Amino acid sequence: MSDSTVRGARPARSPMAPPRSFLWSRRLFLTALTSFVLVPVYVMVSSSLKPLQDVSGKFRWLPSGLTFRPYIDIWSTVPLARYFVNSLIVAGAATAGSVVIAVFAAYAVSRYSFRGKRVFTVTVLSTQMFPGILFLLPLFLLYVNIGNATGIALFGSRGGLILTYLTFTLPFSIWMLIGYFDSVPRELDEAAMVDGCGPLRTLFRVVVPAAVPGIVAVAVYAFMTAWGEVLFASVMTNDATRTLAVGLQGYSTLNDVYWNQIMAASLVVSLPVVAGFLLLQRYLVTGLTAGAVK
């Protein structure tokens, strides 16, 4: 057999290789899925770079002209910078509170036996079954009554919104870290205690460093939940404490809707979450997979 014949021959397919019809079906499905995800992103980006009259008219896939003016006007049409600061404070505080409280609670449940342990874990998990709107009116009345009785302004304040977000980020954070702490070998705790470490030193010097992926996953979940939440933020805030998720409504007025600025502001608002997700993606995937399976 000549060398040219050997070079032109196709490599033999493995008996375990999937059929070509499956490979082509998978490629078509992934292409359609990618298009489904990227087309809305393209519409947002292209619309944010168009003048208002072009966005308000018939949609064109290729814009006739590009302008960065919407990215400048978004800061003056509504007080976007103030909303940005409010969102950073609320989301950052809710994330920090969720992580700190969840670490202590999950460590106690994972490492110690106490009366009511099973009831506590079941209660924490069962709170995820109820929709958030179920707690809206009770929390509203509770904050108003506390303000009338004590003078502590929870309604319309950033502190009240932070407490509200803790009510539905903490249960998931505790449940997830319990599973992750259970995957950390107890022999590490015993070795640290033999070296003279107490429970707190063992937690911070042994367990927490070993559970960094799970803690990062909890932090990302809490931050994303607080950053994009709309229902409670629209009721529990006022003009001074409004967050980004609610403040975007300011681009829609009685006279006009600034679609190009809405798209530009939406992209700007998404940048912190997207950047954080890309930077912490490795820890997030590891934490979610390890915390979900005991």
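These legends describe close-up views of a predicted model.

View 1. S87 sits in helix 5, which spans residues 80-111. Its relative accessible area is 3%, so S87 is buried. Beyond four places in sequence, the contacts of S87 are G92, W227, T243 and L244.

View 2. Y221 belongs to helix 11, residues 212-228. Y221 is partly exposed, at 25% relative accessible area. With residues up to four places away in sequence left out, Y221 touches Q128, F168, T169, F172 and S173. S98 lies 123 residues from Y221 in sequence. In space, the C-alpha atoms of Y221 and S98 are 9.9 Å apart.

**View 3. Packing of helix 5 against helix 8.** Two packed helices are described by the angle and the distance between their axes. Here the axes of helix 5 and helix 8 (residues 158-183) come within 6 Å. They cross at roughly 35°. The crossing of helix 5 with helix 8 is right-handed. Residues of this contact comprise 20 nonpolar, 6 polar and 3 charged.

**View 4. Aromatic pair Y107 and Y112.** The whole structure holds 10 aromatic pairs. One of them joins Y107 and Y112, with ring centres 6.0 Å apart. The ring planes stand at 85°, so the pair of Y107 and Y112 is edge-to-face. Y107 is buried, at 5% relative accessibility. Y112 is partly exposed, with a relative accessible area of 36%.

**View 5. Aromatic pair F140 and F155.** F140 and F155 also form an edge-to-face pair. Their ring centres are 5.1 Å apart, and the angle between the planes is 85°. This pair links distant parts of the chain, 15 residues apart. F140 is in helix 7, residues 136-150. F155 is in the loop between helix 7 and helix 8. Both residues are assigned by relative accessible area: F140 is partly exposed at 28%, and F155 is partly exposed at 35%.

**View 6. Ring cluster of F84, F223 and W227.** Ring pairs join F84, F223 and W227 into a cluster.

**View 7. R27 over the ring of W24.** R27 lies over the face of W24. The distance from R27 to the ring centre of W24 is 4.8 Å.

Definitions and conventions: Residues are numbered from 1 along each chain as its sequence is written. This is a predicted model: local features need pLDDT of at least 70, side-chain atom pairs count only at pLDDT 80 or more; totals for chains, interfaces and linings use all residues. Side-chain values use heavy atoms; hydrogens and water are left out. Helices (H or I, at least four residues) and strands (E, at least two) are DSSP runs, numbered from the N terminus. Buried means under 20% relative accessible area, exposed over 50%, partly exposed in between (1.4 Å probe, protein chains only). Contact means heavy atoms within 4.5 Å. Axes are lines fitted to C-alpha atoms, for helices over the stretch in contact, and angles run from 0 to 180 degrees between N-to-C directions. A crossing is left-handed if the near helix is turned anticlockwise from the far one by less than a right angle, and right-handed if clockwise. Ala, Val, Leu, Ile, Met, Phe, Trp, Tyr, Cys and Pro count as nonpolar, Asp, Glu, Lys and Arg as charged, and the others, Gly among them, as polar. Rings of Phe, Tyr and Trp (its six-membered ring) pair if their centres lie within 6.5 Å; planes under 30 degrees apart count as stacked, over 60 as edge-to-face and the rest as tilted. A charge sits over a ring if NZ of Lys or CZ of Arg is within 6 Å of the ring centre and within 35 degrees of the ring normal.
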